[in-house]
Amino acid sequence: MCGRFAQIREEEELMKSLSVHHCEVSVETSYNIAPGADISIIHQQDGRRVLDSRRWGLIPFWAKEGGRGMINARSETISEKPSFRHAFSKRRCLIPSSGFYEWEKTETGKQPWFISGKHQSLVFAGIWEQWKSPECFSVKTCAILTCEANELMAPIHHRMPVILQEKERNIWLDPQPKLDLKSLLRPCSQELLQAWPVSSRVNRPVFNEPDCFAQIGRAHV
């Protein structure tokens, strides 16, 4: 799964690197994003890439009640699950990330790791939805797609986010893709990533500062 991640890139850099045409929000830096937070996403609207925000935790449009929603969607079943298939078909997005956290089970508890790109920031495959309460209050939410872990991630955790490369991002955002989208939903190459253990202080979302990334042990590269 992916239960915590970071977004620390500046708005101008995000727009340039991901070919964003329009920005709806101001980008906020966070070193330790927890479920329920508003995060930056990129979606396609009228043929343009738009930088916007969504609450992390997808609520299906047909849900009777709101709540925290589902932060992850399994790529293997996304086209069949009622909670996700509409968003998968109609509302796909990119979720920029400076890296994500995962917890390795050890004999003494759980050790948090930070995983980032070796040479560039990461971009997750995401989906989003718009839910309306009985009082017509609208909430836009999103989820990160996950897949089986690659060789680097497997010793830490058996799942990881779906990480898209440049050509794959174009296909993912295309409203009428010519390729089977599920062919994109696979583990990225381990050569793209690096990982190192970090302080257990990241277990608490209130710990949100550059020291979240500080290495405390041997890295996996």
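Colleague: Which residue has its side chain joined to that of histidine 43 by a polar contact of 3.5 Å?

Modeller: This is a predicted model, where local features need pLDDT of at least 70, side-chain atom pairs count only at pLDDT 80 or more, and totals for chains, interfaces and linings use all residues. Residues are numbered from 1 along each chain as its sequence is written, and side-chain values use heavy atoms, with hydrogens and water left out. A polar contact is a pair of N or O atoms within 3.5 Å, where within protein one must be able to donate a hydrogen and the other to accept it, and residues adjacent in sequence count only if both atoms are side-chain atoms. For histidine 43, the side chain joined in this way is that of aspartate 52.

Colleague: Is histidine 43 buried or exposed, and what is its relative accessible area?

Modeller: Histidine 43 lies in strand β4 (residues 38–45), a strand being a DSSP run of E of at least two residues and a helix a run of H or I of at least four, both numbered from the N terminus. Buried means under 20% relative accessible area, exposed over 50% and partly exposed in between, with a 1.4 Å probe and protein chains only. Histidine 43 is buried, with a relative accessible area of 3%.

Colleague: How far from the centre of the ring of tryptophan 128 is the charged end of arginine 54?

Modeller: A charge sits over a ring if NZ of Lys or CZ of Arg is within 6 Å of the ring centre and within 35 degrees of the ring normal. Arginine 92 places its charged end over the ring of tryptophan 172, 5.8 Å from its centre. For arginine 54 over tryptophan 128, the distance is 4.1 Å.

Colleague: What kind of pair do the rings of phenylalanine 88 and tryptophan 172 form?

Modeller: Phenylalanine 88 and tryptophan 172 are both buried. Rings of Phe, Tyr and Trp (its six-membered ring) pair if their centres lie within 6.5 Å, with planes under 30 degrees apart counted as stacked, over 60 as edge-to-face and the rest as tilted. Here the centres are 6.0 Å apart and the planes stand at 45°, so the pair is tilted.

Colleague: How many bridges join strand β8 to strand β9?

Modeller: An open sheet of 5 strands runs in the order β3-β1-β8-β9-β13, with antiparallel pairing, and two strands pair if DSSP finds at least two bridges between them. Lysine 105 stands opposite lysine 110 in β9. Between β8 (residues 99–106) and β9 (residues 109–117), which run antiparallel, the number of bridges is 7.
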